[in-house]
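Me: Could you take a close look at one helix-helix contact in this model for me? After that, I'd like some background on the other chain.

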Amino acid sequence: MSQEPNRKEKTGSQDRWEPRIVAFFCNWCTYTAADLAGVSRLKHAPNARIIRVMCSGRVDPQFVLDAFARGADGVLVGGCHPGDCHYQEGNYKALRRFQLFKRILHEMGIDQARFRLEWISASEGEKVKLVVNDMVERVRALGPLELPSRFREWDSELKTSAEAENVEREEVAAHVG
Amino acid sequence: MSDKPKIAFYWCASCGGCEESVVDLAEDILMVLDAVDIVFWPVALDFKKKDVEAMPDGSILVSLVNGALRTSEQEEMVQLMRRKSQILVAYGSCAHLGGIPGLANQFDREQILKYVYEEAPTVENPQGIRPQLEHRENGRTTTLPEFWKMVRSLDQVVEVDYYLPGCPPTPKLLKEALLTLLSGKLPAKGSVLAPDIALCEDCPRKDSKPTDLKITEFKRPLWTDVDAEKCLLAQGIVCMGPATRGGCEALCVRGNMPCTGCFGPTSRVKDQGAKILSSVCSSVDANTEHEIDRILSGIPDPVGTFYRYGLAASLLRRKLGVRDDVVEVK
């Protein structure tokens, strides 16, 4: 079982936590669908930060881990339906990768609802709305992932804080393959 | 003592293989001894911590530290080595990326202590006695280092100048690294002192790697009659070559075993496990979830396979939500 929401609820806090979802949408289908949802004035939760990529096959699993490591509570990847990929089989590659990637997330204690791969075609604005809303609600139920806070908490057992150095390293490491 | 440059070796959570690789320099070690004085090397020489403390700060030219870090004592020692050294080198996979000990980051501290002191088949401890950080007897106090929640790579604890990768690094790379550092022509800080190319480039089986790899079944080397000439991935054996740095001269592949990734990633890759997963899985020859899962079930332990040496230095660093991972909700 995934066991990640092991957190102390802070009581009396005024500002309510909102899930942060990073969404990688493919240029040809899902991003166009998100655009359609916009021009059709469909209302959906504002929690998804959409990043346009050329293909769901371009989404390196490193991007997903990096999003979590920088504070995302959930990551959504949207691509064309099987058989519809603009590049023939990019979405199949994404599917193959993320089937195993989900097992790794599970073993590393990240709840499977925090990561989702969806096929949404250019005409499915309504589906963007449904998927985003549903994911936000599921992640909200799980609570914050807060990896940056966890990293700080973990390193508090060090006598000399490596935090100052970490900031520096992060800048150097900003480039992802 | 002479005015030759001073060199030190230290070990943290390691198996001793890295120390062995220094001895594997064979007669070249005489060349090293001609050029430098070894001022600290717990495995071989009788200098003590107080001898290092007595040295002026920055008086050691190069310290090579191997092993991962898991205790407060190791932190104290590497801080000391850092202070006394001009150049600190993370030597070997454990210091570089956490190494094999980093796989312990899949478990919490209590799970590990309970197993080691109570449950292991060779342990007889009915009262469940555990080591304590401090013990007083007859007015005297003895202390033990604290066992941390997780394993860390060297650069997660102190600033590191260079990395020598490998489990262990090859004598050839060690020799080249020492010559480079002694020459004074220093590479860019933070460099990994090995070629920045994937192992596949070095691989004697390179030509048999198909451009369009299609994996229909994953096989484990111990249950397989492995073809000694053909690309291992093309035989369905998980080989970390595409996402691992070269420089080892493909030792394992020449021994008819797949690369397990000990040299870590190239400079373009941030998370070695995710990268090799990406490469291997995209070659799975199936398009439906069911069929993909069936083929991927041939990889029973993806974390242990893809993060064999790199879990502690990976983007997630450790398993989340275990007993000692409690986070305040903002």
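**A helix pair in chain A**

Reply: In this predicted model, A:Ala33, A:Ala34, A:Leu36 and A:Ala37 of H1(A) meet A:Gly125, A:Lys127, A:Val128 and A:Lys129 of H4(A). Sort those residues by class and you get five nonpolar, one polar and two charged. H1 covers residues 30-39 of chain A and H4 covers residues 125-142 of chain A. Their axes come within 7 Å and cross at roughly 95°. Angles of 65 to 115 degrees count as roughly perpendicular, and H1(A) and H4(A) are therefore roughly perpendicular to each other.

Now for chain B, starting with the whole chain. You'll find eleven helices and ten strands in it. The radius of gyration of chain B is 22 Å, close to the 20 Å from the globule rule for 330 residues, so chain B is as compact as a globular protein of that length. Its C-alpha trace spans about 70 × 55 × 45 Å along the principal axes. Of the 330 residues in chain B, 45% are buried. Take the contacts in chain B between residues at least 6 apart in sequence: 75% of them join residues at least 24 apart.

B:Gly321 counts as buried because it has 21 C-beta neighbours inside 10 Å, and the cut-off is 20 or more. From B:Gly321 to B:Val284 it's 37 residues in sequence and 32 Å in space, C-alpha to C-alpha.

Note on methods:
Residues are numbered from 1 along each chain as its sequence is written. Chains are lettered from A and ligands numbered from 1 in the order in which they are written. This is a predicted model: local features need pLDDT of at least 70, side-chain atom pairs count only at pLDDT 80 or more; totals for chains, interfaces and linings use all residues. Axes are lines fitted to C-alpha atoms, for helices over the stretch in contact, and angles run from 0 to 180 degrees between N-to-C directions. Helices (H or I, at least four residues) and strands (E, at least two) are DSSP runs, numbered from the N terminus. Angles under 35 degrees count as roughly parallel, over 145 as roughly antiparallel, 65 to 115 as roughly perpendicular and the rest as oblique. Two residues are in contact if their C-beta atoms, placed from the backbone, lie within 7 Å. Ala, Val, Leu, Ile, Met, Phe, Trp, Tyr, Cys and Pro count as nonpolar, Asp, Glu, Lys and Arg as charged, and the others, Gly among them, as polar. A residue is buried if 20 or more other C-beta atoms lie within 10 Å of its own, exposed if 12 or fewer, and partly exposed in between; C-beta atoms are placed from the backbone. The radius of gyration is taken over C-alpha atoms; the globule rule is 2.2 Å times the number of residues to the power 0.38.
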